[in-house]
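Subject: A structure for you to look at

Hi,

Here is the structure I said I would pass on.

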Amino acid sequence: MNKGDYMVHWSGKVCVLKDVAEMNLTGTKREYYILTPVRDQAEKIYVPIEKTEGVLRPVLSRKEALELAGRIKDIEPLLIKDERQRAQEYKDAYYSQDYMNLVRIAKELYQRKERRGREGKKLPSKDAQMMTLVEKTFEEEMAVALGVETGEVKELLETGSMNRL
């Protein structure tokens, strides 16, 4: 990893690698990656260099993002095995560091929102919170990968305009 590289932190925040520094944050001197989330430039995230597995993953490449955009319609929604464990299943999928799971969760939540809407019901607040989190992470990652503004991603996907990029 190099300064200026974009990474996705386990929290779902898309970050830029600002620096690498030796620091004593836990009583032992270690090398840390210093990351800044794209949605909050004032925040700093410190990740020990030797502990990046499962904590950081590279943002999709432009090619991967375009391929994903072309396959979104074919990706199956997340299968919820136990309704009582719905929130936990969303969390497990979200924190898995697998960008395909973001799409699966989003598709499940959109379908659930539509079903509940037909019944005159809203999404439960935990589902709505997860939907917001998934949308932010997905749109930020796609925006960085494609070199567009975050706000443009949804429109590009909805209109099928990705092929003009």
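First, some housekeeping. This is a predicted model, so local features need pLDDT of at least 70 and side-chain atom pairs count only at pLDDT 80 or more, while totals for chains, interfaces and linings use all residues. Residues are numbered from 1 along each chain as its sequence is written, and side-chain values use heavy atoms, with hydrogens and water left out.

**The whole chain**

The chain has five helices and five strands. Both are DSSP runs numbered from the N terminus: helices are H or I with at least four residues, strands are E with at least two. Reading from the N terminus, the order is β-β-β-β-β-α-α-α-α-α. The C-alpha trace spans about 55 × 40 × 25 Å along its principal axes.

Of the 165 residues, 41% count as buried. Buried means under 20% relative accessible area, exposed means over 50%, and partly exposed is in between (1.4 Å probe, protein chains only). As for contacts (heavy atoms within 4.5 Å), take those in the chain with a separation of 6 or more: residues 24 or more positions apart account for 46% of them.

An α-helix has 3.6 residues a turn, so residues three or four places apart point the same way. Keep that in mind for the next two helices.

In H1 (residues 62-71), the buried residues are Ala-65, Leu-68 and Ala-69. They sit on the same side of H1 because they cover an arc of only 100° around the axis; the arc is that of the directions from the helix axis to the C-beta atoms. Lys-63 and Gly-70, on the other side of H1, are exposed. What do the buried residues of H1 pack against? Their partners are H3, H4 and helix H5 (150-159).

H2 (residues 86-94) has Arg-86, Glu-89, Tyr-90, Ala-93 and Tyr-94 as its buried residues. These cover an arc of only 130° around the axis, so they too are on the same side of their helix, H2. The buried residues of H2 pack against H3 and H4.

The axes here are lines fitted to C-alpha atoms, for helices over the stretch in contact, and angles run from 0 to 180 degrees between N-to-C directions. Angles under 35 degrees count as roughly parallel, over 145 as roughly antiparallel, 65 to 115 as roughly perpendicular, and the rest as oblique.

- H3 with H4: the axes come within 9 Å and cross at roughly 140°, so H3 and H4 are oblique to each other. The residues of this contact divide into 11 nonpolar, one polar and five charged. Among the residues that meet are Leu-102, Ala-106 and Leu-109 in H3, and Met-130, Val-134 and Phe-138 in H4.
- H1 with H4: these pack at an angle of about 125°, with their axes 8 Å apart, so H1 and H4 are oblique to each other. Arg-62, Ala-65, Leu-66, Leu-68 and Ala-69 in H1 meet Phe-138, Met-142, Ala-145 and Leu-146 in H4. That contact has eight nonpolar, no polar and one charged.
- H4 with H5: the axes come within 8 Å and cross at roughly 95°, so H4 and H5 are roughly perpendicular to each other. By class, this contact has five nonpolar, one polar and four charged residues. The H5 side consists of Thr-150, Val-153, Lys-154 and Leu-157.

For the classes, Ala, Val, Leu, Ile, Met, Phe, Trp, Tyr, Cys and Pro count as nonpolar, Asp, Glu, Lys and Arg as charged, and the others, Gly among them, as polar.

Is Glu-108 buried or exposed? Glu-108, in helix H3, counts as buried because its relative accessibility is 8%. Leaving aside neighbours within four places in sequence, Glu-108 is in contact with Pro-77, Leu-78, Ile-80, Arg-86, Tyr-90 and Arg-115.

Then try Pro-124, in the loop between helix H3 (99-118) and helix H4 (125-146). At 29% relative accessibility, Pro-124 counts as partly exposed. Beyond its neighbours within four places in sequence, Pro-124 is in contact with Arg-112 and Arg-116. The C-alpha atoms of Pro-124 and Lys-18 are separated by 38 Å, and the two are 106 residues apart along the chain.

Cheers
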